[in-house]
Amino acid sequence: MRIALPARFLLCGLLAGCGHVPLASLPKLSKVDIRTTDLAELRAGISLPADIRTLPGGVTMTLVALPKDGGRHERKVVLEEVRDAAELAKLPAVASPGRRFTLFRLSRADAARLGAFREEMFAGPQNSGNRGSLALGADKACRLGELSGKPIAMSGYLRTSETQDYVLLMRDFDLKEAVREVDPKVDLATAIPPCDTMPEAKLSGSPAAP
């Protein structure tokens, strides 16, 4: 069983007013314009406990367009993990003991595809009243051990061509509590299976901080 883990909330504060975004981050995020931001420069980072791993293909981005005349159009793409050593070396000090940080980006092909969709939905005077939103989702993760009674704290970061640096979107957001709010019947131990039951999966994320 897989559920859409609450990593979907990572970017919701960007345009949807998510209440988990720190107040200090709002001025920088207010500069981001989904209609013009450079998609090739967009980066999303997730910090999780070291024993919780995202899996390849499990982190997605959805661009939604809401025409002024009604309706809804969206494009969803799978994000790829950033493994470039030079870029990772420039990351701010976001890792902490016992945690693992993973950085994601759009592939060139998907950045172009979303750019074309954005041009269709937001460019020109005929689209001046259209609104848009951006969301990040995760539905593939595994765990290295048993889930304890402690919170599963997630922190999220965003960098765009407007912000230039990484902006904190949420700090220590409890995934267990979020899942209970969405559906109290969900068994998190089933939703996040042991990694050793998924031998074909290549675990993602930078090494955990000591």
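**View 1. Surroundings of T62 in the predicted model.** Beyond its neighbours within four places in sequence, T62 is in contact with E74, R75, K76, S133, L134 and A135. The structure shown here and in the other views is a predicted model. T62 lies in strand β3, which covers residues 59-66. Is T62 buried or exposed? Its relative accessible area is 12%, and since buried means under 20%, T62 counts as buried. Two of the contacts of T62 are also its bridge partners: A135 is the partner in β7, and K76 is the partner in β4.

**View 2. Strand β3 and the strands paired with it.** Strand β3 is mostly covered, with 7 of its 8 residues buried. β3 and β7 run antiparallel and are joined by 8 bridges. Strand β4, made up of residues 73-78, also runs antiparallel to β3, and 6 bridges join these two. T62 has a bridge partner in each of these strands, namely A135 in β7 and K76 in β4. As a general point, side chains in a regular strand alternate between the two faces of the sheet.

**View 3. The turn between β3 and β4.** β3 and β4 form a hairpin, and 6 residues lie between them. Which residue in the turn has a positive phi? It is G70, with a phi of about 105 degrees.

**View 4. G129 and K68.** G129 sits in the loop between α4 (108-122) and β7 (131-138). With a relative accessibility of 35%, G129 counts as partly exposed. How far apart are G129 and K68 in space, C-alpha to C-alpha? The distance is 5.4 Å, while 61 residues separate G129 and K68 in sequence.

**View 5. The disulfide of C142 and C195.** A search of the whole structure finds 1 disulfide. C142 and C195 form this link, and their sulfur atoms are 2.0 Å apart. The pair links distant parts of the chain, as C142 belongs to strand β8 (residues 141-143) and C195 to the segment after α6 (188-191), 53 residues apart. The angle about the S-S bond is 90 degrees, and the link of C142 and C195 is right-handed. C142 has a relative accessibility of 0% and therefore counts as buried. C195, at 10% relative accessibility, counts as buried too.

**View 6. The aromatic pair of F101 and Y157.** The count of aromatic pairs comes to 1. The ring centres of F101 and Y157 are 5.9 Å apart. Why is the pair of F101 and Y157 edge-to-face? Planes over 60 degrees apart count as edge-to-face, and the planes of F101 and Y157 stand at 70 degrees, so the pair falls in that class. The pair links distant parts of the chain: F101 is in strand β6 (residues 99-105) and Y157 in strand β9 (residues 153-159), 56 residues apart. Both F101 and Y157 are buried.

**View 7. The second largest cavity.** The structure holds 3 cavities of 30 Å³ or more. The second largest cavity has about 60 Å³ of space. How many residues line the second largest cavity? The lining is made up of 10 residues, and those nearest the centre of the cavity are I34, T37, L39, L63 and L134.

Conventions
Residues are numbered from 1 along each chain as its sequence is written. This is a predicted model: local features need pLDDT of at least 70, side-chain atom pairs count only at pLDDT 80 or more; totals for chains, interfaces and linings use all residues. Side-chain values use heavy atoms; hydrogens and water are left out. A disulfide is a pair of cysteine sulfur atoms within 2.5 Å. Helices (H or I, at least four residues) and strands (E, at least two) are DSSP runs, numbered from the N terminus. Buried means under 20% relative accessible area, exposed over 50%, partly exposed in between (1.4 Å probe, protein chains only). Contact means heavy atoms within 4.5 Å. Rings of Phe, Tyr and Trp (its six-membered ring) pair if their centres lie within 6.5 Å; planes under 30 degrees apart count as stacked, over 60 as edge-to-face and the rest as tilted. Two strands pair if DSSP finds at least two bridges between them. On a 1 Å grid over the protein atoms alone, a cavity is a set of points where a 1.4 Å probe fits but cannot get out, and a pocket is an open set with protein on both sides within 12 Å along at least five of seven lines; lining residues have an atom within 4 Å of a point. Grid points are joined across faces, edges and corners, and a volume is the space filled by probe spheres set on the points.
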